[in-house]
Amino acid sequence: MRIGSLPVDGVRRYGVVDGDRIDLFPETADLFEVLVAGEAAAASQRSAWDETASIGVPVPVASIRDFITFEQHTAGSLRAITGNSEVPAAWYEAPAFYFTNPHAAIGSGTAVPMPPGCEVLDFELEVAAVIGKAGFNLSVAEAADHIAGFTILNDWSARDLQSREMRVGLGPVKGKDTATTLGPVLVTPDELADRASGGRYDLAMEVFVNDTRIGGDTLANMAWTFAELIAYASRGTWVRPGDVLGSGTCGSGCLAELWGWHCDRQPPPLRIGDTVRMTVQGIGTVHNTVVAGPPLHNVPPARRARRGRSPA
């Protein structure tokens with residue numbers, strides 16, 4: 001199945017996408033119960049489907065974990081920051097991730113506001129797995145059965161904000177807080193079975209800015225499988241329906257990596273009016289245009305504590 005969503009009379013509705021139409025489930029249908037059952041609920045309404053227009057996030061999002069699993073991207077991004085592309089040993093030991101803002105999830109075609117104070121905006125081409133049923137402390141063998149499907153993820157990144165805040169030893173925070181694109185549809189694993197081998201999916205990935213190709217890769221180059229990412233994410237805790245797990249940026253899938261390899265900010269950071277388009281084989285295409293953002297409201301610097309005093 002290919003699952004999409006549209007707003008109908010102010011209510012987000014989900015349904016099965018088939019070409020240029022979407023057969024919407026009843027408002028009361030639980031999307032994840034439908035996906036776990038493996039068969040579509042009876043459609044209550046049929047609507048036109050146009051992926052070139054603005055469409056909704058294809059699933060209700062509970063949380064977003066974003067991993068970093070492509071070695072080339074990791075090396076190039078490190079070089080952009082430190083001048084050294086050597087990937088640290090700790091990266092290979094376990095799949096690292098951070099939590100980002102589920103309330104900032106947007107669909108394809110939605111405008112992306114420039115983050116307040118940002119002058120170095122970037123994109124990140126990823127694929128995400130969405131959890132369809134709850135699981136606790138899953139093994140790798142168990143984890144694959146908890147995947148409802150896959151979607152494209154664009155992790156919009158304010159690189160200047162991210163660089164400053166991560167010097168504190170936490171983050172990323174506001175550098176990743178404005179928008180995360182998910183879409184255009186959620187594709188169930190059976191739809192991609194002919195591209196799967198050993199838990200990896202050989203899906204071509206490409207990203208364009210204003211119709212100029214910036215980079216691309218194959219999803220098969222992930223250093224871990226999605227089942228391995230889910231097993232790690234669920235270690236000692238729960239994953240639940242609607243949890244989104246990003247693959248991390250593919251090789252040459254963002255500007256920051258290319259800046260590292262080129263030793264220059266070329267191609268340049270995104271500007272207002274730029275349109276970013278991402279295509280993943282078997283899933284589809286998402287597109288978003290950058291627009292002016294809200295004003296920057298200053299927050300004062302920290303009040304410094306007196307020095308020379310020991311804790312009581």
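Biologist: Before we start, what should I know about the model and its numbering?

Modeller: It's a predicted model: local features need pLDDT of at least 70, side-chain atom pairs count only at pLDDT 80 or more, and totals for chains, interfaces and linings use all residues. Residues are numbered from 1 along each chain as its sequence is written, and side-chain values use heavy atoms, with hydrogens and water left out.

Biologist: Let's take helix H7. Is it largely enclosed or exposed?

Modeller: Start with the terms. Helices (H or I, at least four residues) and strands (E, at least two) are DSSP runs, numbered from the N terminus. Buried means under 20% relative accessible area, exposed over 50%, and partly exposed in between (1.4 Å probe, protein chains only). In H7, residues 255-262, six of the eight residues are buried, so the helix is largely enclosed by the rest of the structure. Those six are Leu-255, Ala-256, Glu-257, Leu-258, Trp-259 and Gly-260.

Biologist: Which elements do the buried residues of H7 pack against?

Modeller: Helix H2 (71-82), strand S9 (121-122), helix H5 (159-166) and strand S18 (212-218); contact here means heavy atoms within 4.5 Å. After H7 comes Cys-263, with a positive phi near 55°.

Biologist: How do I read the side chains along a strand?

Modeller: In a regular strand the side chains alternate between the two faces of the sheet.

Biologist: In what sense do S5 and S6 pair?

Modeller: Antiparallel, over four bridges; two strands pair if DSSP finds at least two bridges between them. Asp-66 stands opposite Tyr-98 in S6.

Biologist: Now pockets. What is the volume of the largest pocket?

Modeller: First, the method. On a 1 Å grid over the protein atoms alone, a cavity is a set of points where a 1.4 Å probe fits but cannot get out, and a pocket is an open set with protein on both sides within 12 Å along at least five of seven lines; lining residues have an atom within 4 Å of a point. Points are joined across faces, edges and corners, and a volume is the space filled by probe spheres set on them. The largest pocket comes to about 940 Å³. It has 31 lining residues, and the closest to its centre are Ser-77, Ile-81, Arg-159, Gln-162 and Met-166. Strand S5 (63-67), H2, strand S6 (97-100), H5 and H7 each give two or more residues to that lining, with the largest share, six residues, coming from H2.

Biologist: And the second largest pocket?

Modeller: That one has a volume of about 300 Å³. Among its 13 lining residues, Pro-116, Leu-161, Arg-164, Lys-174 and Leu-296 are the closest to its centre.

Biologist: How many cavities of 30 Å³ or more does the structure hold?

Modeller: One. The largest cavity has about 50 Å³ of space, and residues lining it include Val-112, Trp-156 and Lys-174.

Biologist: Last one: how many disulfides are there?

Modeller: A disulfide is a covalent bond between the sulfur atoms of two cysteines. The cut-off used is a pair of cysteine sulfur atoms within 2.5 Å, and the structure holds zero. For Cys-254, the nearest cysteine sulfur, that of Cys-250, is 8.5 Å away. Cys-254 is buried, with a relative accessible area of 0%. For Cys-263, the nearest cysteine sulfur, that of Cys-254, is 15 Å away. Cys-263 is exposed, at 60% relative accessible area.
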